[in-house]
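Please look over the sequence and the model shown here.

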Amino acid sequence: MKLLLQHKILFGYIISVAAILVYERTRTCEIAVESDELRTVGWNTAAHCEITELATLGKSVIGWNEEDNRTYRAKRLRLDSLLLTLHRKRIRFVHPEQVNTLRCCLWPKRRTCCTSCRASASGKRWTA
């Protein structure tokens, strides 16, 4: 049985469209994976920025008032939430033990900053 030229062209067209669809689907999945990796890098960058901002903010604790203390607390809680997200998602760039250690270090630092802030507000000399 001979196939007509039109049938050959139609068959070739259907095969090429199917191949394009399979390729595009594969590429879409690859882009989604790359997008997730970029998002995790963004979380890491955000965490680094938050840590640096908290460390810099903590250097001026002697002159803090209650508003500064509330700002520090809000930033610390935001960082803690970000670190918890990093821990839960098991980001490949950050080990969960490192995240836990940093989260555990944030709580005593807050208490120290609050004590120092209250001591400077009351005029008492505070030593570490």
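Accessible areas are computed by the Shrake-Rupley method with a 1.4 Å probe, and for residues only the protein chains shown count as cover. On that basis the accessible surface of the protein comes to about 9800 Å², and 61% of this surface belongs to carbon and sulfur atoms.

This is a predicted model, in which local features need pLDDT of at least 70 and side-chain atom pairs count only at pLDDT 80 or more, while totals for chains, interfaces and linings use all residues. Residues are numbered from 1 along each chain as its sequence is written, and side-chain values use heavy atoms, with hydrogens and water left out.

The protein has 3 helices and 0 strands; helices (H or I, at least four residues) and strands (E, at least two) are DSSP runs, numbered from the N terminus. Read along the sequence, the pattern is α-α-α. Helix H1 covers residues 5-58, helix H2 covers residues 66-89, and helix H3 covers residues 96-122.

How confident is the predictor in the protein? The mean pLDDT, which is the predictor's confidence in each residue from 0 to 100, is 76 for the protein, and 73% of the residues reach 70 or more. Confidence is highest in H1, at a mean of 85, and lowest in H3, at a mean of 67. Where pLDDT is low, the predicted coordinates should not be read in detail.

Buried residues make up 23% of the 128 residues in the protein. Here buried means under 20% relative accessible area, exposed means over 50%, and partly exposed lies in between (1.4 Å probe, protein chains only). Contacts, meaning heavy atoms within 4.5 Å, can also be sorted by sequence separation. Of the contacts with a separation of 6 or more, 66% are between residues 24 or more positions apart.

Lys75 gives a local view of such contacts. Lys75 lies in helix H2 and counts as buried, because its relative accessibility is 17%. Leaving aside neighbours within four places in sequence, Lys75 is in contact with Glu50, Glu53, Leu54 and Leu57. Between Lys75 and Glu50 there are 25 residues of sequence separation, and their C-alpha atoms are 7.5 Å apart in space.

Side chains of opposite charge can pair when their charged atoms come close. A search of the whole structure finds 4 salt bridges, a salt bridge being a side-chain nitrogen of Lys or Arg within 4 Å of a carboxyl oxygen of Asp or Glu. One of them joins Glu30 and Arg27, at 3.1 Å from N to O. Glu30 and Arg27 are 3 residues apart in helix H1, so they are separated by about one helical turn. Arg27 also forms a salt bridge with Glu34, at 3.9 Å from N to O.

Another salt bridge is found between Arg70 and Glu67, at 2.9 Å from N to O. Both residues lie in helix H2, 3 residues apart, about one turn of the helix. Glu67 is partly exposed, with a relative accessible area of 44%.

The surface also carries a nonpolar patch of about 330 Å², made by Leu10, Tyr13 and Ile14. Patches are made of residues with over 30% relative accessible area and no salt bridge, where like charges are joined within 9 Å and nonpolar side chains (Val, Leu, Ile, Met, Phe, Trp, Tyr) within 5 Å. Leu10 is in helix H1 and is partly exposed, at 48% relative accessibility.

How many disulfides does the structure hold? The structure holds 0 disulfides, a disulfide being a pair of cysteine sulfur atoms within 2.5 Å. Cys29 is partly exposed at 40% relative accessibility, and Cys49 is partly exposed at 48%.
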